[in-house]
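Good morning, colleagues. Please take a moment with the sequence and the model, and then I shall go through the main points in turn.

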Amino acid sequence: MQKARKSRAVFLYIYYTTCQQSKQVLFFGAARRIMARKGDDLMTLYHGSSVPHLTELKPFLSNHEKPFVYLTDDPTLALLYAHNPIARPGGFFPYWFDSSGQLHYDEFFSGQTRLIYEHHDGWVYSAETQDLPRLDKMPWVYLSNTPVPLRGAEHIPDLYRALLDAEKAGRIII
């Protein structure tokens, strides 16, 4: 496992736009920037969940044989994980990153994204962390075997709309 890069922080600039029904829809603006301060080893990481009002993330057993907290440096990827259409321990997240780091979500049938995410809400949580190892075969996933306190939480009232906004902004290809 690789350690998180020191002297790097990831920031999520969150802008809200109001849709016609006066609901707030989360719109992710410029998602990342590198901190210039020397010696700053904190990194903002994200976690998507359907569970509201969390204050910390606790390790759970997934498919890696040990309980972990799973975090990512990509806030758009956290959106995908904010709703899991298959009960745990299963999951259905057909995404991948190309060689340039662009996030892709594959539809196996027309309308898959809409069917899975429309009318589902979720939460994108943020945490300030340091020196977390990455998952070997998924370097965008950071692991913690201890609870992680959360710094922020954003409620996403319609995950499908948020994913479409992310697609328009070029943060994901669906």
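What percentage of the 174 residues in the protein is buried? The figure is 43%.

One segment calls for a caution. Over residues 1-39, pLDDT stays under 50. Where pLDDT is low, the predicted coordinates should not be read in detail.

Let me turn to the overall architecture. The protein contains 14 strands and 3 helices. Taking the contacts between residues at least 6 apart in sequence, 69% join residues at least 24 apart. The accessible surface of the protein is about 9,900 Å², and carbon and sulfur atoms account for 52% of that area.

The largest nonpolar core has 27 residues. Within this core, the residues that touch the most other members are Leu-77, Leu-79, Leu-80, Tyr-95, Leu-103, Tyr-117 and Ile-172. Two or more residues each come from strands E6 (67-72), E7 (95-97), E8 (103-105) and E11 (138-144), and likewise from helices H1 (75-81), H2 (112-117) and H3 (159-168). Of these elements, H3 gives the most, with 5 residues. There is also a second, separate core of 12 residues, with Met-43, Leu-57, Ala-127 and Leu-132 among them.

I come now to the charged pairs. Side chains of opposite charge can pair when their charged atoms come close. How many salt bridges does a search of the whole structure find? It finds 2.

One of them joins Arg-151 and Glu-128, with an N to O distance of 2.8 Å. This pair links distant parts of the chain, its partners being 23 residues apart. Arg-151 lies in the loop between strand E12 (148-149) and strand E13 (152-156), whereas Glu-128 belongs to strand E9 (residues 122-129). Is Arg-151 buried or exposed? Arg-151 counts as exposed because its relative accessibility is 60%, over the 50% cut-off. Glu-128, at 28% relative accessible area, is partly exposed.

The other salt bridge is formed by Glu-118 and Arg-114, whose closest N and O atoms are 3.0 Å apart. Arg-114 has a relative accessibility of 45% and therefore counts as partly exposed.

That concludes my presentation. Thank you for your attention.

Methods:
Residues numbered from 1 in each chain as written. Predicted model: local features only at pLDDT ≥ 70, side-chain atom pairs only at ≥ 80, totals over all residues. Heavy atoms only, no water. pLDDT = per-residue confidence, 0-100. Contact = heavy atoms within 4.5 Å. Core = buried A, V, L, I, M, F, W, Y, C linked by side-chain atoms within 4.5 Å. Buried < 20%, exposed > 50% of the residue type's maximum accessible area, 1.4 Å probe, protein only. Helix = DSSP H or I, 4+ residues; strand = E, 2+ residues; numbered from the N terminus. Salt bridge = Lys/Arg side-chain N within 4 Å of Asp/Glu carboxyl O. Areas by Shrake-Rupley, 256 points an atom, 1.4 Å probe, with all protein chains shown as cover.
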